Amino acid sequence: MHDTVELEAKGRPTAVIVTGEFVHEAEAQRDALGMTKLGTVVIDHPLSSLTEEEIGRRIDQALPQIERMWLTPSLPSP
């Protein structure tokens, strides 16, 4: 999360990818770092022990969200 906040602050588009189980924790950390408007890409949990097909489904979940984040101008945090 720290790297993402630093890159976003420098104007570099980023994407934080978390599973649904960790959305609250990611948003709390993002807020604590002062980047409250930074979006989060959410994919299904878990990530460990996935087959190649399941990994492909996670990619399919993430890509549209990432593209939307990268192509939508970000708003500066207060």
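Is Ser-49 buried or exposed? Ser-49 counts as exposed, because its relative accessibility is 76%; exposed means over 50% relative accessible area, buried under 20%, and partly exposed in between (1.4 Å probe, protein chains only).

1. A word on the basis. The model is predicted, so local features need pLDDT of at least 70 and side-chain atom pairs count only at pLDDT 80 or more, while totals for chains, interfaces and linings use all residues. Residues are numbered from 1 along each chain as its sequence is written, and side-chain values use heavy atoms, with hydrogens and water left out.

2. The overall layout. The chain has 3 helices and 2 strands, in the order α-β-α-β-α from the N terminus. These elements are DSSP runs numbered from the N terminus: helices are H or I with at least four residues, strands E with at least two. Along the principal axes, the C-alpha atoms fill a box of roughly 40 × 25 × 15 Å. Of the 78 residues, 26% are buried.

3. The loop between strand 2 and helix 3 deserves a look. Ser-49 sits in this loop and has a positive phi of about 60°, although it is not a glycine. Pro-46 is found in the loop too, between strand 2 (40–43) and helix 3 (52–71), and a cis peptide bond with omega of about 5° joins it to His-45. For context, most residues other than glycine have a negative phi, and most peptide bonds are trans.

4. The core. The largest nonpolar core holds 7 residues: Val-5, Val-16, Val-18, Val-23, Ala-26, Met-35 and Leu-38. Strand 1 (16–19) and helix 2 (23–32) are the elements that give two or more residues to this core. Such a core is a set of buried Ala, Val, Leu, Ile, Met, Phe, Trp, Tyr and Cys residues joined through side-chain atoms within 4.5 Å. Leaving aside neighbours within four places in sequence, Leu-38 has contacts (heavy atoms within 4.5 Å) that include Met-1, Val-5, Val-16 and Arg-30.

5. The salt bridges. The whole structure has 2 of them, each defined as a side-chain nitrogen of Lys or Arg within 4 Å of a carboxyl oxygen of Asp or Glu. In one, Asp-31 pairs with Arg-30 at 2.9 Å between the closest N and O atoms; Arg-30 is buried because its relative accessible area is 11%, whereas Asp-31 is partly exposed at 37%. In the other, Glu-53 pairs with Arg-57 at 2.8 Å between the closest N and O atoms. Both lie in helix 3, 4 residues apart.
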